[in-house]
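Hi,

Here is the structure I promised to pass on.

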Amino acid sequence: MMRGHIRSCFESPCKQWSDTNHQRIEAHAAGMLQSPLDQRWYWYGESRKYNSSAWHNLWKAKLAGTSEVDRPKREVLLWKASPSINLYSAATLAGPWKSEGR
């Protein structure tokens, strides 16, 4: 039984769902679980916020033919540029959703 109202984001004036820090929720290909321990809901999904400067540096080296970007540096650049998984939690499905980090 739901106690709250889940606000649709497919109707005006909603443009996006936000967390308690007023940041857009990033949870693509998401899943939700309810913890049997604390009864909280956990929403997790892929973040598509990329670190564009890290991608730029990696591609700049590749396009310049500098394939000599050493492996540790390349792995750090890829890690910084890669998407991650975000986690949010709320007492009810209706929110508010708190960011628990990456």
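Let me start with the sheet pairing: β3 and strand β4 (residues 98-101) are antiparallel partners joined by three bridges. Strands here are DSSP runs of E with at least two residues, helices are runs of H or I with at least four residues, and both are numbered from the N terminus. Two strands count as paired if DSSP finds at least two bridges between them. Within this pairing, L87 has G101 in β4 as its bridge partner.

Before going further, the ground rules. This is a predicted model, in which local features need pLDDT of at least 70 and side-chain atom pairs count only at pLDDT 80 or more, while totals for chains, interfaces and linings use all residues. Residues are numbered from 1 along each chain as its sequence is written, and side-chain values use heavy atoms, with hydrogens and water left out.

On its other pairing, β3 runs antiparallel to strand β2 (residues 41-47), with seven bridges between them. There, Y42 stands opposite S89 of β3. Overall, the protein chain has two helices and four strands, in the order β-β-α-α-β-β from the N terminus.

β3 is mostly covered, with five of its seven residues buried. Buried means under 20% relative accessible area, exposed means over 50%, and partly exposed is in between (1.4 Å probe, protein chains only).

Leaving aside residues up to four places away in sequence, N86 touches E26, W43, Y44, G45, S47, G101 and R102; contact means heavy atoms within 4.5 Å. The C-alpha atoms of N86 and G101 are 5.8 Å apart, although 15 residues separate them along the chain. A polar atom of the N86 side chain also lies 3.1 Å from the backbone oxygen of E26.

S84 is the other one, also in β3, and S84 is buried because its relative accessibility is 16%. Its side chain makes a polar contact of 2.8 Å with the side chain of R102. For a polar contact, I mean a pair of N or O atoms within 3.5 Å; within protein, one must be able to donate a hydrogen and the other to accept it, and residues adjacent in sequence count only if both atoms are side-chain atoms.

What about salt bridges: how many does the structure hold? There is one, and it joins the side chains of R24 and E26 at 2.2 Å, N to O. The criterion is a side-chain nitrogen of Lys or Arg within 4 Å of a carboxyl oxygen of Asp or Glu. E26 is buried, with a relative accessible area of 2%, whereas R24 is partly exposed at 39%.

Finally, the surface. The protein chain has about 7,900 Å² of accessible surface, and 56% of this belongs to carbon and sulfur atoms; the areas come from the Shrake-Rupley method with a 1.4 Å probe, and for residues only the protein chains shown count as cover.

Happy browsing!
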